[in-house]
Amino acid sequence: MTNQEVANTLVNLLREGKFNDVYDELFHPDAEHIEPQSEHFSHVKGVEAIKSKDTAMQENIAGVEGMEVGDAIVAKDYIAIPYKMTVELKDGNKWPLDEIIVYKIEDGKIVSEQFFY
C-alpha cells in the first residue's frame with residue numbers, strides 16, 4: 001500500500017469510527033503512541049497496548065456528541081490529520097478535543113502516531 005493509500009484508508013476508517021480496524025489493518029504490531037501531554041498515556045508501545053489505552057479511555061466516556069476527521073496531508077513518510085471530537089464523560093462533563101495526529105509510515109504500515117493538542 002502506498003502512503004497515500006494508507007492515508008485514504010485511515011481517514012475513511014476513522015470517519016466510520018472503526019478504530020480497531022485502523023489498528024488491525026494499518027498499524028505495525030510494534031507501533032508507538034506518543035502523547036506527551038497525557039499524564040497516563042504519554043508513550044505506549046505495541047498495537048495491543050494502544051488498544052488497551054483506548055479501552056481504558058472509553059471506560060470514562062458516556063457518549064460522543066460529534067466527531068470531525070479532516071482530510072489527510074501526506075508528506076513523504078508522514079500523514080497529518082486534523083481531528084475534532086466532543087465527548088460526554090460519565091461524570092457529566094464535556095471534553096472537547098481539537099488535535100492534529102501525525103502518523104509515520106514505514107513499508108506500508110503505521111509505525112507511530114503522535115497527538116498534538
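These legends describe views of a predicted model.

**View 1. Fold of the protein chain.** The protein chain has three helices and seven strands. Helices (H or I, at least four residues) and strands (E, at least two) are DSSP runs, numbered from the N terminus. In sequence order the pattern is α-α-β-β-α-β-β-β-β-β.

**View 2. Overall dimensions.** The C-alpha trace spans about 40 × 25 × 25 Å along its principal axes. The radius of gyration is 14 Å; this agrees with a compact globule of 117 residues, which would have a value near 13 Å. That radius is taken over C-alpha atoms, and the globule rule is 2.2 Å times the number of residues to the power 0.38.

View 3. Of the 117 residues, 36% count as buried. Buried means under 20% relative accessible area, exposed over 50%, partly exposed in between (1.4 Å probe, protein chains only). Among contacts (heavy atoms within 4.5 Å) with a separation of 6 or more, 44% join residues 24 or more positions apart.

**View 4. Close-up of K53.** K53 sits in helix α3, residues 47-58. K53 counts as buried because its relative accessibility is 5%. Its side chain makes a polar contact with the side chain of D54 at 2.5 Å. A polar contact is a pair of N or O atoms within 3.5 Å; within protein, one must be able to donate a hydrogen and the other to accept it, and residues adjacent in sequence count only if both atoms are side-chain atoms. Leaving out residues up to four places away in sequence, K53 touches H33 and F41.

**Notes.** Residues are numbered from 1 along each chain as its sequence is written, and side-chain values use heavy atoms, without hydrogens or water. Local features need pLDDT of at least 70, side-chain atom pairs count only at pLDDT 80 or more, and totals for chains, interfaces and linings use all residues.
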